[in-house]
Amino acid sequence: MADAILKLEGVRKAYNVGLPTETEVLHGIDLELDHGEFLALIGPSGSGKSTLLNIVGLLDRPTSGRLLIKGRDTALLGDDELTHLRGHTIGFVFQHHLLISAFTARENIMMPMLADRGFPSAEIAARADHLLAEVGLEKFGDNLANNMSGGQQQRVAVARALAMNPDLVLADEPTGNLDTKSADAVFELMRRVNRESGTSFLLVTHNLDLARRCDRIIQVVDGRIAQH
Amino acid sequence: MNRWLPFEWIAAVRFLREGRLQTIFIIGGISIGVGVIVFMSAMLAGMEANFIRRVLTSQPQIQLLTPDQVARPLRNAAGVIEDAVVQRPSQRVISIDQWPKIRAQMLAMPEITAVSPTITGSALAIRGDASRAVTLTGIEPDTYFNIVKVPDYIVAGSARLTSEDIIIGTELAKNLGATVGDKLNLQAASSANRVLTISGLVDFGNKSANQRVAFIALRTGQSLLGMIGGVTTIDLTIKDIYAAETIARRIQAATAVEADSWIATNAQFFTAVQAQIYTNTLIRVFVGLSVAFGIAAVLIVSVIQRSKEIGILRAMGTSRGQILRVFLLQGGLLGFVGSLFGAAMGALALIYWHAVARQADGSEFFPLILERRLFIYTAVLATVTGLLAATAPALRAAKLDPVVAIRG
């Protein structure tokens with residue numbers, strides 16, 4: 001499919017390869033994600049969802065199989081190229097907010113741009129302010145991450161994930177630690193970004209209600225895609 | 001955010017600021033270490049300078065002498081040694097052979113800063129009923145005073161030395177009941193005698209030297225000691241006092257004279273100075289090591305504490321190199337800031353100790369030497385130590401697997 005932002009072909013992941021304790025957690029995953037698609041990945045704990053997300057996010061490499069991001073075979077890329085591709089193509093939202101506590105909300109959002117360009121600039125600060133406004137936290141830009149509620153932190157994390165205008169956002173149970181109202185707000189925020197900017201989302205969740213509001217649901221069971 | 005500061009710098013400063021208590025404690029530790037180094041170095045440098053000034057301004061650094069006179073074994077007509085037991089001959093006071101040529105040779109050597117020919121011998125100083133044996137040193141004041149700072153030790157009169165003048169030690173003056181302006185009759189072993197006027201009294205801080213020392217003009221000395229045109233020693237000063245022995249050996253190999261360095265003639269003193277230098281170096285090395293380990297320990301803990309954040313930074317596109325630099329910078333910053341506080345602490349301690357510590361005679365224990373070079377050197381050393389100490393933690397941080405780091 002020409003429009004696929006992400007393509008996995010027979011992706012396997014095993015740990016302790018070659019040892020008696022070798023364990024395979026992903027058994028030949030085939031998956032495609034189109035530009036602008038909002039996909040939910042569901043499945044019980046330990047089914048391999050997070051491992052799959054780490055591989056898709058270029059934080060981990062598959063033991064075998066092919067992973068193509070925007071048509072590029074990632075197996076052929078070195079560490080620096082992977083880092084560059086990750087920084088420019090993929091945004092992350094983690095379950096536990098994982099903002100950097102030494103920085104303010106605005107600075108957390110600026111961080112991916114800073115790491116990419118090396119020096120702060122008015123343009124980077126303006127982009128961070130714009131994203132803060134997008135997630136409804138324009139008044140909280142100078143707050144340290146630790147001085148914000150869980151919902152606010154997660155909204156900052158979404159803004160940070162969008163900082164580099166990525167083609168794909170990977171969200172690992174972003175609402176898992178939030179109350180229903182905050183969870184709904186964060187989900188709606190991501191859905192709005194998806195609709196307005198065409199950014200693809202791969203959302204790992206245990207929340208079936210949220211999953212049903214996505215474009216497509218994929219269920220992973222025991223390291224295999226059980227249901228499309 | 002300052003737009004002139006790079007990402008790594010901003011992250012390093014923020015991480016240090018956030019772990020405030022940890023940062024304050026380690027900077028305190030580094031400051032104490034640097035303070036000790038500054039204090040010890042400046043104090044020992046002062047004491048060393050003091051010792052060296054006292055010793056080396058009252059004697060030449062290298063002295064050229066006539067070689068020992070030796071007896072040759074008796075051989076028969078066939079050249080066979082008839083009597084191998086050779087008795088050491090008595091050493092006559094003789095002039096250095098072709099000394100003007102040797103002086104010219106010495107003046108041509110770039111490491112030598114002053115050359116002065118002298119004549120030395122014994123004589124009897126007589127005043128009224130009192131007489132004392134003295135060591136006469138005939139000198140050319142212009143060149144000799146560049147080697148032995150006689151004018152610095154003058155306690156009465158002046159360092160004037162015409163052919164009619166004599167400068168003597170304070171103890172000798174006391175024993176003879178003489179003072180500046182008095183006449184002194186000098187009688188050499190050869191019965192030659194001369195009446196000279198005391199122009200100055202010197203105090204070298206050594207009683208036995210003050211009892212014997214007597215300086216006269218070179219020509220007066222030559223005539224009194226019966227060695228017209230001759231000199232018994234050529235005194236030298238050099239640029240690097242610690243190279244004295246090497247230079248002395250080189251001179252001895254190249255000329256027909258014997259060369260004695262201050263290192264050889266003051267072996268005990270030189271050993272003491274060397275021991276002091278070694279001790280100072282050892283203290284600096286060990287304090288430096290403990291500072292380095294302190295920085296490394298704090299940064300290792302910081303890497304462990306921040307592993308999740310490092311994982312996030314990596315996930316956001318931060319390269320391993322950038323992570324490495326963030327932690328290296330923290331080490332360098334800790335070292336640099338610690339060195340500033342430490343230098344101030346060391347300097348204050350030094351000023352206080354200089355004011356309090358006194359020798360038995362009430363004079364200062366060591367001169368207060370606060371060289372800018374020492375502070376710059378210490379700051380650079382502490383910063384480099386910080387960077388080196390941060391290498392292991394920084395490598396560890398850069399190598400962190402982001403998946404493992406984020407999972408915690």
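Reader: At what angle do H3(A) and helix H5 of chain A pack?

Author: Welcome! This is a predicted model, where local features need pLDDT of at least 70 and side-chain atom pairs count only at pLDDT 80 or more, while totals for chains, interfaces and linings use all residues. Residues are numbered from 1 along each chain as its sequence is written, with chains lettered from A and ligands numbered from 1 in the order in which they are written. Helices (DSSP runs of H or I, at least four residues) and strands (E, at least two) are numbered from the N terminus, and axes are lines fitted to C-alpha atoms, for helices over the stretch in contact, with angles from 0 to 180 degrees between N-to-C directions. The axes of H3(A) and H5(A), residues 150-162, lie 7 Å apart, and the angle is about 30°.

Reader: Are H3(A) and H5(A) roughly parallel or roughly antiparallel?

Author: Angles under 35 degrees count as roughly parallel, over 145 as roughly antiparallel, 65 to 115 as roughly perpendicular and the rest as oblique. The angle here is about 30°, so H3(A) and H5(A) are roughly parallel.

Reader: Which residues of H5(A) make the contact with H3(A)?

Author: Two residues are in contact if their C-beta atoms, placed from the backbone, lie within 7 Å. H3(A) brings A:Ala105, A:Asn108, A:Ile109, A:Met111 and A:Pro112, and from H5(A) come A:Val156, A:Ala159 and A:Arg160.

Reader: Which element gives the largest share of the side of chain A that touches chain B?

Author: In all, 26 residues of chain A meet 22 residues of chain B. The elements giving two or more residues to chain A's side are helix H2 (79-89) and helix H3 (105-117) of chain A. The largest share, 6 residues, comes from H3(A).

Reader: Which residues of H2(A) are buried?

Author: A residue is buried if 20 or more other C-beta atoms lie within 10 Å of its own, exposed if 12 or fewer, and partly exposed in between, with C-beta atoms placed from the backbone. The buried residues of H2(A) pack against strands S4 (64-69), S6 (90-93) and S7 (168-172) and against H3 of chain A. They are A:Thr83, A:Arg86, A:Gly87 and A:Thr89.
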